[in-house]
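Work through these exercises with the model open beside you. Try each task before you read its solution.

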Amino acid sequence: MRIHLQDDTLKLRREGIFLCLDGVFWTETVAKGERSDLLENLYEFFEMQCRNFDIPFRMGLLSYDQIIDDISEIEEISEHLTNRGKFITPLIESIFSQFNDQEYDLIIINSGEIYDYEDWDSHLNSKFNKIQILDADMLVEKIFEDIENQILNIMDFEVGLVGIKTKIENGIIYDFPNEFKVKIEEPYYIICGNFKESQMDIKLKVYGKEDYSLLEIDANGTYEPISIKNSLFETSILWRKLDENELGVFKSFLDQDLDEYNCPLCNEEHPFTKAFICERTQGHGVFTSGRIIFNSVDEKREYNSKYILFLDSDDVVYWKSFEKSVNPVNNDSCFTYDGKNAFYIDDNLNVSSMMKTHQNVYNYSNLYLIEIGD
Amino acid sequence: MEFIIDESRSVMVEFTENKYISVIPFTKFQFERFIWETGPKWVDNSYTINRISPQEINKSNVDSVILNNLSFQEAVKISQWMGGRIPGLQEIKSAFNILNDKNLLSNALKFMQQNKNEADARMIATMEWMVKNKFNRLGFTCGDLVTEYPAQPSMIYLQRGLRSTAIVTGNPPTITKDKRFAFSVLMERQ
């Protein structure tokens, strides 16, 4: 996995492919036999896959110390490789030494034994993300579609599991793609996800007390620490006031026991699975799914919002809605929800658990977070 | 002690002015480098019998690192590839003290480690094992291949240590495939 930061964007790219061929085998066996097109088909297949997934593709030959730029070179070079054995040391000393660790996967297609492979076994395992050795004698017996499927099964183009963490005392990531989930495992604040893409550009924003925060990236087993410039919480979502006629309903919610609650919408006494959301029974002939009972909130909330935050300020109740599970309360504090628990993080990056008062309702001081889900 | 890294990416030591000799006898690692660089037609798989990786070396098999299953002519070709030659009898006698110096190997290893980008990593690993296990010389059961310089074509000398000398004659020298000699390469520098 290749990881680097460009502006505020974390770029993840799968490894490139280095294809190492047995030149003597190809010229003596394939070119002179019935499968003269096999090498060309293989080259086109790898070249196309790598182009589609925007990953680099390089090629070389056993016992030869230079990169092959085009398959047209292979036949001529291979003729000179007769009597030169099958060695990988020339590639290791001249070509692989120029690669960064884990920059490429290595695929070797050869016949017979590579004499010196075991000398470099551990070195190759640390230099390459993955190594596959395919038997050339078996490949020539297969139809090309089977070869393609075999190669696709062993090649892994997905970014896979990504985890990005900070020490909470240093900073928290407050803006990130929705596909990530938040976890708090003190002292760490973590966002994580599993991705099928072969490349990702992840825009991040981090709030911290210093100028920079250190992110610890784990992308499918590749670790990289990256410093990112901190920023104050930014949000374009403004606080709105709850309508006056709904203010009384809000206040009575806070005081009343769940079992004694009388639904302000239908005036019937019935159980609530979510506070602030009325779940009507079929007998009412209306919706059987949950519905926010504050019409002004329901009408004005952000599209796709999953959270409503209420701020009880005595005579006024403010609210705002969010899609993300991390959101600023103001420009130096925020709340976050990890799927089970909610947390309030203050301007000193102190983490406080929000108390669960009702189903899907969390409270800290005068803040009330409601998870309304999808 | 003065050292250089040779064409085979191993280390040589200066034993007299402007003359350098292999610190350890020619190994299979170096021979493989000769094969992939020159593609000799006379090579066959018998040369790689008992080939071991550096991580497999132990006290009972360490001598199998040495290349000794070849003929005099083949050794000459290899030494020419390195830009050198097989040492003469008097030269190997002159080099005897330094080649048996107890500090030679550790000093040569330090030099290789300092120049690791030019040296063969397998040679470094082999010498590290030797130093760690106090093996000052390899090829205890082998003689050192030498020749008089200029060579007398009917004579091949098989030198074992300083004392005993055996002479194998033949005109021209036949391909013996004698397993019981190793060889070092000598280089002269201006």
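**Exercise 1. Decide whether Ser79(B) is buried or exposed, then list its contacts.**

Step 1. Take the accessibility. In this predicted model, Ser79(B) has a relative accessibility of 1%.
Step 2. Apply the cut-off. Buried means under 20% relative accessible area, so Ser79(B) counts as buried.
Step 3. Ser79(B) lies in helix 2 of chain B.
Step 4. List the contacts, leaving out residues up to four places away in sequence. Ser79(B) touches Gly84(B), Arg85(B), Ile86(B) and Val185(B).

**Exercise 2. Work out how far helix 1 of chain B is enclosed, and find what covers it.**

Step 1. Find the helix. Helix 1 of chain B covers residues 28-38.
Step 2. Name the buried residues. They are Lys28(B), Phe29(B), Gln30(B), Phe31(B), Glu32(B), Arg33(B), Phe34(B), Ile35(B) and Trp36(B).
Step 3. Draw the conclusion. Nine of the eleven residues are buried, so helix 1 of chain B is largely enclosed by the rest of the structure.
Step 4. Look for the cover. From chain B, it includes helix 2 (72-81) and helix 6 (121-132). Chain A also takes part: helix 4 (89-94) of chain A is included in the cover.
Step 5. Check what follows the helix.

**Exercise 3. Describe the surroundings of Ile164(A).**

Step 1. Ile164(A) is in strand 7 (residues 160-167) of chain A.
Step 2. Classify it. Its relative accessibility is 0%, so Ile164(A) counts as buried.
Step 3. List the contacts, again leaving out residues up to four places away in sequence. Ile164(A) touches Leu10(A), Ile173(A), Phe180(A), Tyr189(A), Ile190(A), Ile191(A), Leu204(A), Leu215(A), Glu216(A) and Ile217(A).
Step 4. Take one distance. Tyr212(A) is 48 residues from Ile164(A) along the chain, and their C-alpha atoms are separated by 15 Å.

**Exercise 4. Identify the members of a negative surface patch, and classify Asp121(A).**

Step 1. Name the members. The patch is formed by Glu113(A), Glu118(A), Asp121(A) and Glu56(B).
Step 2. Asp121(A) is in helix 5 (residues 121-127) of chain A.
Step 3. Classify Asp121(A). With 33% relative accessibility, Asp121(A) counts as partly exposed.

**Exercise 5. Check the backbone at Pro187(A), Asp7(A) and Lys134(B).**

Step 1. Start with the proline. A cis peptide bond joins Glu186(A) and Pro187(A), with omega about 15°. Pro187(A) sits in the loop between strand 9 (181-185) and strand 10 (188-195) of chain A.
Step 2. Go to Asp7(A). Its phi is positive, near 55°, and Asp7(A) is not a glycine. Asp7(A) is in the loop between strand 1 (2-6) and strand 2 (9-13) of chain A. Asp7(A) is exposed, at 68% relative accessible area.
Step 3. Finish with Lys134(B). This non-glycine residue has a positive phi of about 60°. Lys134(B) is in the loop between helix 6 and strand 4 (143-146) of chain B. At 70% relative accessibility, Lys134(B) counts as exposed.

Terms used. Residues are numbered from 1 along each chain as its sequence is written. Chains are lettered from A and ligands numbered from 1 in the order in which they are written. This is a predicted model: local features need pLDDT of at least 70, side-chain atom pairs count only at pLDDT 80 or more; totals for chains, interfaces and linings use all residues. Side-chain values use heavy atoms; hydrogens and water are left out. Buried means under 20% relative accessible area, exposed over 50%, partly exposed in between (1.4 Å probe, protein chains only). Helices (H or I, at least four residues) and strands (E, at least two) are DSSP runs, numbered from the N terminus. Contact means heavy atoms within 4.5 Å. Patches are made of residues with over 30% relative accessible area and no salt bridge: like charges are joined within 9 Å, nonpolar side chains (Val, Leu, Ile, Met, Phe, Trp, Tyr) within 5 Å. Accessible areas come from the Shrake-Rupley method with a 1.4 Å probe; for residues, only the protein chains shown count as cover. A salt bridge is a side-chain nitrogen of Lys or Arg within 4 Å of a carboxyl oxygen of Asp or Glu. Lys and Arg count as positive and Asp and Glu as negative; His and the chain ends are not counted. The place of a charge is taken as NZ of Lys, CZ of Arg, CG of Asp or CD of Glu.
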